[in-house]
Amino acid sequence: TCASCHGPEARGGQHVMHMQIMYAPPIYGEALSDHDDEHDEGQTDSDAAHEEQGAYSLEEFRMAVVEGQHPDGEPLDQDMPRWNMDDQDLADLLAFLKSLPGG
């Protein structure tokens, strides 16, 4: 599930998986809709560039979750699983994640 890497409150962070240290960005409400935060440690330049572009639309979210791509077409880290989800499930997931409080 998303919580395996992004955490039970979707706040992201570093964790160990397959004996490697990995970084998962936050995916709670503000992180998906308001990208004014500074670079997080472990975040790539393409992650930061995406954050400056603003909120994820449903199509951008689909590209990330299903296709493994940032909105600019750059690939997400290979550790990000690709999920086969229909449009309604994606819309529901995005709405849920955007409803999570940050902090």
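## Cysteines

In this predicted model, the sulfur of Cys2 has its closest cysteine sulfur in Cys5, at 8.9 Å, which is too far for a bond. A disulfide is a covalent bond between the sulfur atoms of two cysteines, and the cut-off applied to a pair of sulfur atoms is 2.5 Å. Cys5, for its part, is in no disulfide, the nearest cysteine sulfur being that of Cys2, and the structure as a whole holds 0 disulfides.

With a relative accessible area of 31%, Cys2 is classed as partly exposed.

## Salt bridges

How many salt bridges does a search of the whole structure find? The search finds 3, and one of them joins Glu9 to Arg11, where the closest N and O atoms are 2.7 Å apart. Both partners are partly exposed, since the relative accessible area of Glu9 is 46% and that of Arg11 is 39%.

Arg62 takes part in a salt bridge with Glu59, in which the closest N and O atoms lie 2.9 Å apart, and also in a salt bridge with Glu67, for which the corresponding distance is 3.3 Å. Glu59, Arg62 and Glu67 are accordingly linked in a network of salt bridges.

Glu59 is partly exposed at 43% relative accessible area, Arg62 counts as partly exposed at 21%, and Glu67 falls into the partly exposed class with 40%.

## Negative surface patch

Which residues form the negative surface patch? The patch is made up of Asp86, Asp87, Asp89 and Asp92. Asp89 is found in helix 5, which runs over residues 87-99.

A patch takes in residues with over 30% relative accessible area and no salt bridge. Asp89 has a relative accessible area of 40%, so this residue clears the accessibility cut-off of over 30% while being classed as partly exposed.

Conventions
Residues are numbered from 1 along each chain as its sequence is written. This is a predicted model: local features need pLDDT of at least 70, side-chain atom pairs count only at pLDDT 80 or more; totals for chains, interfaces and linings use all residues. Side-chain values use heavy atoms; hydrogens and water are left out. Patches are made of residues with over 30% relative accessible area and no salt bridge: like charges are joined within 9 Å, nonpolar side chains (Val, Leu, Ile, Met, Phe, Trp, Tyr) within 5 Å. Accessible areas come from the Shrake-Rupley method with a 1.4 Å probe; for residues, only the protein chains shown count as cover. A salt bridge is a side-chain nitrogen of Lys or Arg within 4 Å of a carboxyl oxygen of Asp or Glu. Lys and Arg count as positive and Asp and Glu as negative; His and the chain ends are not counted. The place of a charge is taken as NZ of Lys, CZ of Arg, CG of Asp or CD of Glu. Helices (H or I, at least four residues) and strands (E, at least two) are DSSP runs, numbered from the N terminus. Buried means under 20% relative accessible area, exposed over 50%, partly exposed in between (1.4 Å probe, protein chains only).
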